[in-house]
Amino acid sequence: MTKIVILPGDGIGPEIAAAAARLLAAVGEFELEEHPIGGASIDAHGTALTEETLAACRAADAVLLAAVGGPRWDAAVAADPSAPRPEQGLLGLRKGLGLFANLRPVRPSPALLDASPLKRDRIEGTDLLVVRELTGGIYFGESGRSGDSAHDDCLYTVGEIERIARVGFKSARRKLTSVDKANVLETSRLWRETVNRVHREEFPDVELEHLLVDNAAMQLVSRPADFDTIVTENLFGDILSDEAAMLTGSLGMLPSASIGGDGPGLFEPVHGSAPDIAGTGKANPLAMFGSVALMLRHGLGLEDSAAGVESAIDRALEGGLRTADLGGEAGTAAATDAVLANI
Ligand code: IPM
Ligand code: MG
C-alpha cells in the first residue's frame, strides 16, 4: 500500500494534519505513519529532526508536513543560542531528501476574488507558479558570529542554478520570469548568466524575462495576472511566495510541493504554525488540503484524485465556506466537513 509519512509538527500543525488524514481517508487507501518534527521533536528527543524521522521519510512514497516553530522554542534560543531550533528540522529534511525545487502555485479560487486585500480587477486571471530554489543560497551557506558581528554567506554553484532553471523552463506554459538582484549581488549575476545559457541551449522556445527582486515584488501586486512561472533563489522565493499568497485572500490558502530528490517529495502548506490560534480549532486547513492535492499529483501520480480534491475545495468555497482568516466563522472541523461533502 502507498505509504505516506505525516509530520504534524507544531502550533496548528497537529490540527491540520488530522484534517488531512480525514481527507486522505476519503480519497483512497493509504498507509499513514506519523513522526515528530520541529519543536515537538525537540521536546521529545532534543533535536528537531531525528535519524528515525528522516529514515521513515526516505522509506515513504510521499511526506506531508504541517508546520514547525513557535515562541517557546524561539525563547529557548534567545536564552541559549546553541539550543536547537524547530526550523532546523524542516531545513534538514529538505536537504536530507535532496528537494531542491519548491513549487508554489498561486491560483485564487474564483469564490475568493473579493477576499483578497487587492482589488478584484487586479487579481482576476491570476494563475502563476513560484519555483523556489530550496537547498542552496543563504539558507545553507556558512554562518556565524564573531564579536559584535554576524554573517550569513550566500553561495550558488552553476550546477545548482542549472537544475532549478530547468524546472522553471519545464513548468512555464508561455513565459518564465527569472528573479534576481543582479545589479548588486555576484550570486545573482551568476544566476542570470546561467539561466540565459540554459535558455539558449535547451529551451529557446520558452519566452524568458529577468526582473530584479524589488521590482518583481512590486509587479506581483500591480499586475499579477501577467505572470506565468517565476524562478528564483531560496530567500527571494521565500519572501515573494508569502507576498503572492495574499492574492488568494490568505496565507492560509497556499500549498507547496518540494521535489527533485531521488526519493519521495515533501508537501506542505506555505503558512507557518500560527501559534496564536493553535489549539482553538480555528485553523484554515485549505492550504494543507491543497498540499494533499499536490502530493497526489506530483508525489503519487494520482492526477484524477488531485483534481478531485482541488475542485472539492473550490466548490466548498463557492458554497460559502469561510474560515476566520477569510473573514468567516468556520473552524477546522467544519471546513473539513465542507470539503469532504464535495469529494
Ligand atoms: C517556508 C518557511 C520556512 C522557510 C521556514 C519555516 C524555515 O517560511 O517554507 O516558506 O523559510 O523556508
Ligand atoms: Mg516562508
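## Helix packing and an open sheet

Helix α11 passes helix α12 in a left-handed crossing, where left-handed means that the near helix is turned anticlockwise from the far one by less than a right angle, and right-handed means clockwise. This is a predicted model, in which local features need pLDDT of at least 70 and side-chain atom pairs count only at pLDDT 80 or more, while totals for chains, interfaces and linings use all residues. Residues are numbered from 1 along each chain as its sequence is written, chains are lettered from A and ligands numbered from 1 in the order in which they are written, and side-chain values use heavy atoms, leaving out hydrogens and water. Helices (H or I, at least four residues) and strands (E, at least two) are DSSP runs, numbered from the N terminus.

**The α11 and α12 pair**

- Helix α11 spans residues 286-299 and helix α12 residues 303-318; they pack at an angle of about 160°, with their axes 7 Å apart. Axes here are lines fitted to C-alpha atoms, for helices over the stretch in contact, and angles run from 0 to 180 degrees between N-to-C directions.
- The two helices are therefore roughly antiparallel (over 145 degrees; under 35 counts as roughly parallel, 65 to 115 as roughly perpendicular and the rest as oblique).
- In contact (heavy atoms within 4.5 Å), α11 contributes residues including Leu286, Phe289 and Ala293, and α12 residues including Val309, Ile313 and Leu317.
- The residues of this contact divide into 10 nonpolar, two polar and three charged. Nonpolar covers Ala, Val, Leu, Ile, Met, Phe, Trp, Tyr, Cys and Pro, charged covers Asp, Glu, Lys and Arg, and the others, Gly among them, are polar.

**The sheet and its helices**

- An open sheet is built from 10 strands in the order β2-β1-β3-β12-β11-β4-β5-β10-β8-β9, with mixed pairing; strands pair if DSSP finds at least two bridges between them.
- The edges belong to β2 (31-34) and β9 (207-212), each with a single partner strand, so one side of each has no neighbour in the sheet.
- From one strand to the next, the twist averages 25°.
- Strands β4 (residues 101-106) and β5 (residues 128-133) pair in the antiparallel sense over six bridges, and Arg104 has Val130 in β5 as its bridge partner.
- Helix α7 (residues 158-171) packs on the sheet and touches β4, β5, β8 (175-180), β9 and β10 (229-232), its direction making about 170° with that of β5.
- Helix α9 (residues 213-222) lies across β5, β8, β9 and β10, at about 105° to β9.

**Two further helix pairs**

- Helix α9 also meets helix α10 (residues 234-245): their axes come within 10 Å and cross at roughly 15°, and the two are therefore roughly parallel.
- Helix α9 passes α10 in a right-handed crossing, and their contact has eight nonpolar, no polar and one charged residues.
- Helix α1 (residues 13-27) packs with helix α13 (residues 332-340) at an angle of about 20°, with axes 10 Å apart, which makes α1 roughly parallel to α13.
- Helix α1 passes α13 in a right-handed crossing; among the contact residues are Leu23 of α1 and Leu340 of α13.

**Aromatic pairs**

- The whole structure has two aromatic pairs, counted where ring centres of Phe, Tyr and Trp (its six-membered ring) lie within 6.5 Å.
- Tyr156 and Trp191 form an edge-to-face pair, 5.7 Å centre to centre with 70° between the planes (edge-to-face is over 60 degrees, stacked under 30 and tilted the rest).
- Tyr156 lies in the loop between β7 (149-152) and α7 and Trp191 in helix α8 (residues 186-202), so the pair ties together parts that are 35 residues apart in sequence.
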